[in-house]
Amino acid sequence: MFKSLKIRISITVIVCLAALYFLIPTFISDITSPWNQFLPKEKIHLGLDLQGGMHLVLEIDTDKALEAMMERTSNDLKESLMESKVRFRNVEKAKGATISLELTDAAGKTALEKVLKDSYPDLEIASSTPRDSGQFVTLKINDKRAVDLKKLTVEHSLETIRNRVDQFGVTEPEIIPEGDNRILIQLPGIKDPERAKNLIGKTALLEFKIVDEGNSLDEALRGNIPEGSIIAYGTREDKSSGQKGRVPYLLKNKTLLTGASLETAKVQISDRFGEPHVSIKFNAQGAADFDRITNENVRKRLAIVLDGVVHSAPVIQERISGGQAQITGNFTMDESRDLAIVLRAGALPAPVNILEERTVGPSLGSDSIRQGIMATIIGTILVVLFMIFYYRFSGAVADLAVIINIFLILAVLAIFHATLTLPGIAGMLLTVGVAVDANILIFERIREELRTGKTIRLALDTGYNRAFITIIDTHITGIVAAVFLIIFGTGPIKGFAVTTIIGLSASLFTAIFVTRVIFDYVTWNFNIKKLSI
Amino acid sequence: MSMELIKPGINLDFVGKIKYAVAFSAILILIGIGSIIFHGGLTPGIDFAGGSIIQVKFSKNISADQIRTALKSTKLESSIIQQFGVNEFLIRTSESFSDQKMLAANVEQPLTTAFNKDYEIRRVEVVGSKVGADFKRKAVIAVILSWLAMLIYVGWRFEFRYALGGIIALVHDVAITIGAVSIMNMEFTINILAALIFIIGFSINDTIVVLDRIRENVKLNPKKKLNDIINISINQTLSRTILTSLTVFLTVLALYLFGGAVIRDLAFSILVGVVIGTYSSVYIACTIVLLFENLKLSKMKGKK
């Protein structure tokens, strides 16, 4: 390789200094200017298992988003068909993301096809069977469009969750899409995991609906729900007993306005009771709609529904023109703050399911760091002492190489913003044990060569050369195995594989190159009669 | 005078004792299988089975029974409660607490009622059953692919019969380590998966060293019987086989003793794997190589 000892010494020194340089921010936390501008900014990033925090994997129910879209489309389609004078009955959202309808005369199908072509290019006829004098038709979204919509849903959800987390105020959150419809969220240092989960996972679909007062609620509760109406529930707390109860409402199914028309939402404290509530302001279009809706429905009750739960249903006293409204309902301060955040960030386009959750408290994290460092120090000392005990001077050379190796692992982690986890620390410690193995292989070979009567220089040469290819083999097998762990592993355990891979790669440099430099330096500059090995 | 664990001229008859080794390995594996059957299969951790783990630390002396009493008539009633350090416990249930209010209602409230605020929830892990099944499949694939990769690499670098010996030794190591996990009645967690893959990557090392020497000696003495060459090679590399495993053993021991309860299962499995892996590199790998050779010889004789 490099014959010149000077060049090899320079390489060794430069690599060591570079490693130390990149580790300065990790080991020295406060560096005053003007010095800090010359230094790297990145510390070693600690995994959630070490610094505490929450790891979530969410699944976005994209099928539900398609179904909701078809539900809306079926209402629009009804109107379009009436406008086009197509004779039909029973347009409804059917199983899965499909719409079913009956066409009542023979010419219906051609007319329907025309309506679809003109106004609903995403829809196509999935099946049609003759029924009576007409046809029974099922519509579906065409496949390509469905894939696009699902993708869009995931992107939109990701965006919304990012907004929410940003407004919640978490330092260095990580929100990454995973696979087709999963989102990985890492929130370091979260104090109240339940609240964070609630904030992220809430669909936050805000809807305004008119209370159906023309029909009997009791009759509806008995099962006779009038066409175009639904039953929804709200909660009510009895002020004196503190007991919570469910209150049913009969609402007109049609949603008049949604949270999508909001401009902003903020927490306010009401004057009379000092209770927090969320005050919302509509955007221009929303305000105009709200103005029209309140004007058309004076004296009726307007239900404010969040994720299907009726929060309040005040009577509209008069037309409201300012585009302002309030959401009240026994909120704590935190709850109203979170509600304001989710309303500002917007509704999730689809419900999310939590697939995986791992929360580590800060005290366990710091315990793990302490124990991990302790184990690493003790393990390293054991190996260092053993090597000196067994190989004397040569052992000390190998020890130096191993210590350089540890610093290289840490430096590479810092440079590439990789995450150090508890299994990662374990991997680093194991690498110490494996890295000296390369030197053991070399030293044992050198001993063998010395026994056959070779000179020190020749024995060194042969020892390094013969052991070299075996060391490459053993390192490659270790790295290959670790790669499988990265591919198939999850969470902190990947850190184990990462440090192992970095450590083994670094060991090729430290255990072979660096130790050789030291041996060459010593044997070339001092007249050594007997190698301490 | 340098330290020597193994004297240079050593000549132990390893090959002659192969049948004892095979019997020994078979017994170890059978004990492992017996334990797995006795325990009704491996106990998968929540990563593979789905479920929840709640790690709680108390500021005073509490017994697992007290916790069980406190959790009576909650959804955690039938959960497994195990000590996890000083005044620290794991509450494990097969239920996945994906609902936000479940934890508060089933853990925090009953614990607060029973122990006031003298406890801290230090870790909560919830894995849905769907994800668990996914991990299980991935774990099996990861182990099998690791074996295959080693087979291909060693086969490419050496010869197929050598590679086969190495891989059977690795399967042997993994089998015995899993057996040990079962005997200790430990859960099969993702940490143990990592340990198995580490063992696969590490245990092949000693095998490579021996195989390398066998190949070198075959070249030097083409006339010698393979039995003798293998025996000489094992003896020549014996000290490095033991020493390289010893250094790794020392680091894992430190990890096991001082690394904390969270990764103790990982450390334990690697401890077992390193010891078994060293033994199998000498015995199992070489046995298979010999077996293959004898098979080939007897076939050739049959043809004559």
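**From one buried leucine to the A–B interface**

The model is predicted. B:Leu76 sits in a loop of chain B, between α3 (64-70) and β2 (80-83). Is B:Leu76 buried or exposed? There are 26 other C-beta atoms within 10 Å. The cut-off for a buried residue is 20 or more, so B:Leu76 is buried.

Now turn to chain A. Its domain assignment gives three parts. Domain 1 is made of 5-52 + 361-525, domain 2 spans 62-146, and domain 3 spans 202-358. Between the C-alpha centres of domain 1 and domain 3 of chain A lie 60 Å.

Next comes a sheet in chain A. Four strands form an open sheet, in the order β3-β4-β6-β5, with antiparallel pairing. Which strands stand at the edges? They are β3 (88-94) and β5 (123-131) of chain A. Each has a single partner strand, so one side of each is left without a neighbour in the sheet. On average, neighbouring strands of this sheet are turned by 15 degrees against each other, direction ignored.

Look at one pairing here. β5(A) runs antiparallel to β6 (residues 134-141) of chain A, over 8 bridges. One of the paired positions is A:Leu123, whose bridge partner in β6(A) is A:Ile141. A helix packs on this sheet: α4 (residues 108-119) of chain A. α4 of chain A touches β3, β4 (98-103), β5 and β6 of that chain. The direction of α4 makes about 20 degrees with that of β6(A).

Finally, the two chains meet. Contact involves 60 residues of chain A and 60 residues of chain B. Several elements of chain A each supply at least two residues to the side that touches chain B: α6 (193-201), β18 (352-360), α10 (362-415), α11 (422-451), α12 (456-488) and α13 (493-525). Which element gives the most? α10(A) does, with 16 residues. By class, this side of chain A has 33 nonpolar, 16 polar and 11 charged residues.

Strand pairing also crosses between the chains. β18(A) and β4 (residues 119-127) of chain B pair in the antiparallel sense, over 5 bridges. Within this pairing, A:Glu357 has B:Val126 in β4(B) as its bridge partner.

Methods
Residues numbered from 1 in each chain as written. Chains lettered and ligands numbered in written order. Predicted model: local features only at pLDDT ≥ 70, side-chain atom pairs only at ≥ 80, totals over all residues. Pairing = 2+ DSSP bridges. Axes fitted to C-alpha atoms, helices over the stretch in contact; angles between N-to-C directions. Contact = placed C-beta atoms within 7 Å. Domains from an automatic or database assignment. Nonpolar A, V, L, I, M, F, W, Y, C, P; charged D, E, K, R; others polar. Buried ≥ 20, exposed ≤ 12 C-beta atoms within 10 Å, placed from the backbone.
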